[in-house]
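Try each task before you read its solution.

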Amino acid sequence: MHQFEISDLITAVEPRTGRRLPVRRAEVIQQLRGTGDEHAARIVAALPADRDGVLDPYAVDRLLISVHTELQRLNEELRIGERLLHVLGPLFAAIRSTGAQPGPYRLVDVGCGLGYLVRWLAATNALGPDVELVGVDLDAALVGEAERLARAEELGCRFVHGNAFDLPEAATVYVSTGVLHHFRGPALAAFFQAQASSPAQAFCHFDIFATRLAPIGAWVFHHARMRHPLGRHDGVVSARRAHSDETLLRAAAAPGIRPLVYEPSGSVNPFCTTLRPVIGVRPHLEAPLRLALGRAARRLVGLEHLAGATG
């Protein structure tokens with residue numbers, strides 16, 4: 001049965017404006033119990049609410065910032081920034097090499113949370129001075145904390161509260177980490193379509209490997225490293241909700257985009273719960289990207305490869 005991540009249910013915003021909406025604790029508990037997730041229902045039942053049963057937004061914000069801070073620590077230890085740069089560096093090199101779009105360029109991190117990726121790229125200047133770094137999230141509290149951290153670290157990046165696809169300036173490349181599994185069914189295809197119909201040259205979205213044993217690895221890892229029950233719960237559910245390579249490639253196959261997966265799931269440890277990307281490029285960028293990746297280009301596959309492997 002489909003499970004929910006608690007963090008998806010305890011906040012609600014108007015998608016276009018990011019305006020916060022009230023969330024009733026009893027309704028969240030009912031949703032969770034409807035999927036048989038009594039453990040998650042108990043976690044939500046312990047969250048503070050007002051006399052009308054509306055969850056305390058300030059308590060929710062503090063909790064989510066705390067959980068995202070723990071996730072940032074794990075990202076640092078797992079060197080997620082370096083893993084992402086391994087693909088993003090060649091991707092921007094491919095864009096520069098064609099000369100079709102002169103710089104400056106703009107990287108937009110969709111659902112940036114505390115902005116770890118954007119801040120890491122800004123701190124290392126890994127993509128070069130011609131790439132503007134922008135983080136966007138519908139959660140105002142997370143964006144506010146990302147801005148505070150960037151100011152404290154004196155970083156040349158910025159953060160926006162709102163919809164990443166409604167920015168006044170076009171993105172060159174859209175990225176995300178741990179976002180794709182939050183979209184189900186038609187919403188996943190719509191997510192990719194929004195980027196294909198934009199002026200963007202490419203996207204690179206990192207999410208969890210979908211393997212049969214990944215939830216077990218996620219349980220062990222998150223129970224060992226996450227302090228709050230919400231973080232432990234959502235870490236395991238996110239592994240259960242991860243999309244297969246085929247699902248991602250089919251959803252990303254929008255007109256004008258060549259969808260590719262880097263490090264297909266059949267080539268990794270089945271207990272692994274780390275991130276790997278689905279990439280979309282304008283067709284003229286595929287050859288330059290493979291050239292920029294060098295030997296690693298062998299790990300870049302399309303839907304036709306997966307069909308051949310399973311046929």
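## Exercises on a predicted model

**Exercise 1. Determine the handedness of the unit made by β4, α7 and β5.**

Solution. Trace the path in order. Begin with β4, go on to helix α7 (residues 140-152), and end with β5. For the test, the strands must point away from the viewer, and a clockwise path over the helix counts as right-handed. The β-α-β unit here is right-handed.

**Exercise 2. Compare the reach of helix α4 with its expected span.**

Solution. α4 runs over residues 57-77, which makes 21 residues. The expected span is 1.5 Å times one less than the number of residues. For α4 that gives 30 Å. From first C-alpha to last, the helix reaches 30 Å, close to expectation.

Next, look at its ends. After the helix comes R79, with a positive phi near 55°.

Last, check burial. The cut-off for buried is under 20% relative accessible area. Buried residues of α4 include A59, V60, L63, L64, V67 and L74. D61, E70 and Q72 are buried too.

**Exercise 3. Locate N125 and E154, and classify each as buried, partly exposed or exposed.**

Solution. Begin with the background. Most residues other than glycine have a negative phi. N125 is not a glycine, yet its phi is positive, about 50°. N125 sits in the loop between α6 (116-124) and β4. Its relative accessibility is 45%, so N125 counts as partly exposed.

Turn to E154. Its phi is also positive, near 55°. E154 lies in the loop between α7 and β5. Exposed means over 50%. E154 has a relative accessible area of 72%, so E154 is exposed.

**Exercise 4. Summarise the whole chain in numbers: how many helices and strands does it have?**

Solution. Count the elements: 13 helices and 10 strands. Then take burial: 50% of the 311 residues count as buried. Now the surface. The chain exposes about 14,200 Å², and carbon and sulfur atoms supply 55% of that area. Finish with contacts. Among those between residues at least 6 apart in sequence, 77% join residues at least 24 apart.

Methods
Residues numbered from 1 in each chain as written. Predicted model: local features only at pLDDT ≥ 70, side-chain atom pairs only at ≥ 80, totals over all residues. Heavy atoms only, no water. Helix = DSSP H or I, 4+ residues; strand = E, 2+ residues; numbered from the N terminus. Buried < 20%, exposed > 50% of the residue type's maximum accessible area, 1.4 Å probe, protein only. Contact = heavy atoms within 4.5 Å. Areas by Shrake-Rupley, 256 points an atom, 1.4 Å probe, with all protein chains shown as cover.
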